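Let's take a walk through a protein model together. Have a look at the picture first, and then we'll go through it piece by piece.

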Amino acid sequence: DSSDAISPKYSPPLETKLRLSPSPVPPNDLNDSQTSIRSDDQLDDLKDAYPAPSLKLINFNTFAMNIEYSCLMPTVYDYTQSLDGDAAFFGFLLATFSITRMLVFIPIGWWADVRPFREVFAFTAFVGLIGCFIYGAAGALGNKWWLVVGRVLTGLGAANTTLSRTYISKCVEADQFAKVIGVQM
């Protein structure tokens with residue numbers, strides 16, 4: 001049948017997303033409308049697909065990116081000047097991160113749609129980490145353009161924030177979404 005070739009991939013309804021409670025609510029405790037939608041087997045399958053430790057890893061990644069930002073912003077102007085960068089170069093340096101991040105959001109999201117989440121998330125986190133090291137080493141390398149390379153790579157790595165939010169939307173129920181996504185902000 002040719003209609004199967006064009007049909008979209010199956011996506012479970014919102015009601016079947018992972019519950020944040022430590023143990024699933026037994027079906028007899030659910031109201032009638034939920035009993036027909038969710039079963040213990042479905043919850044177990046979802047817990048295996050989206051384990052809670054993964055949310056902790058995502059939150060740690062967000063925390064690490066915020067620490068990186070809070071260390072960078074108070075020091076970046078002096079660091080740029082120490083490598084003979086002027087005010088225009090400073091502005092360019094700050095813009096490279098945001099522009100890179102903006103430009104790679106869609107390709108990273110597409111990549112995550114066609115490849116496993118872990119692969120894309122690990123790649124972006126690794127590239128971001130390499131970017132931080134290059135940025136930090138620019139002073140020892142003595143060239144202001146290494147700052148730009150570091151910020152471009154860090155911007156590419158920071159594009160994994162879109163992956164984090166997508167992952168959270170897949171594994172958190174609607175009534176808990178605001179609470180969990182609030183940690184990401």
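## Starting at N160

In which helix is N160 found? N160 is in helix α9, which covers residues 160-171. Helices here are DSSP runs of H or I with at least four residues, strands are E runs of at least two, and both are numbered from the N terminus.

N160 counts as buried, with 1% relative accessibility. Buried means under 20% relative accessible area, exposed means over 50%, and partly exposed is in between (1.4 Å probe, protein chains only). Leaving out residues up to four places away in sequence, N160 touches N61, M65, F121, T124 and A125. A contact like this means heavy atoms within 4.5 Å.

## Where the model comes from

This is a predicted model, in which local features need pLDDT of at least 70 and side-chain atom pairs count only at pLDDT 80 or more, while totals for chains, interfaces and linings use all residues. Residues are numbered from 1 along each chain as its sequence is written, and side-chain values use heavy atoms, with hydrogens and water left out.

## The whole chain

The protein chain has 10 helices and zero strands. Of its 185 residues, 32% are buried. Now take the contacts with a separation of 6 or more: 70% of them link residues 24 or more positions apart.

What about the outside? The chain exposes about 11300 Å², and 64% of that comes from carbon and sulfur atoms. Areas like this come from the Shrake-Rupley method with a 1.4 Å probe, and for residues only the protein chains shown count as cover.

## Two salt bridges

A search of the whole structure turns up two salt bridges. The term means a side-chain nitrogen of Lys or Arg within 4 Å of a carboxyl oxygen of Asp or Glu.

One joins E68 to R151, with the closest N and O atoms 2.8 Å apart. E68 lies in helix α4 and R151 in helix α8 (residues 145-158), so the pair ties together parts that are 83 residues apart in sequence. E68 is buried at 19% relative accessible area, and R151 is buried at 5%.

R115 and E119 form a salt bridge too, and their closest N and O atoms are 2.7 Å apart. R115 is partly exposed at 41%, and E119 is partly exposed at 30%.

## A nonpolar patch

On the surface, L57, F60, F63 and I67 form a nonpolar patch with about 430 Å² of accessible area together. L57 sits in helix α4, residues 52-72. Patch residues have over 30% relative accessible area and no salt bridge; like charges are joined within 9 Å, and nonpolar side chains (Val, Leu, Ile, Met, Phe, Trp, Tyr) within 5 Å.
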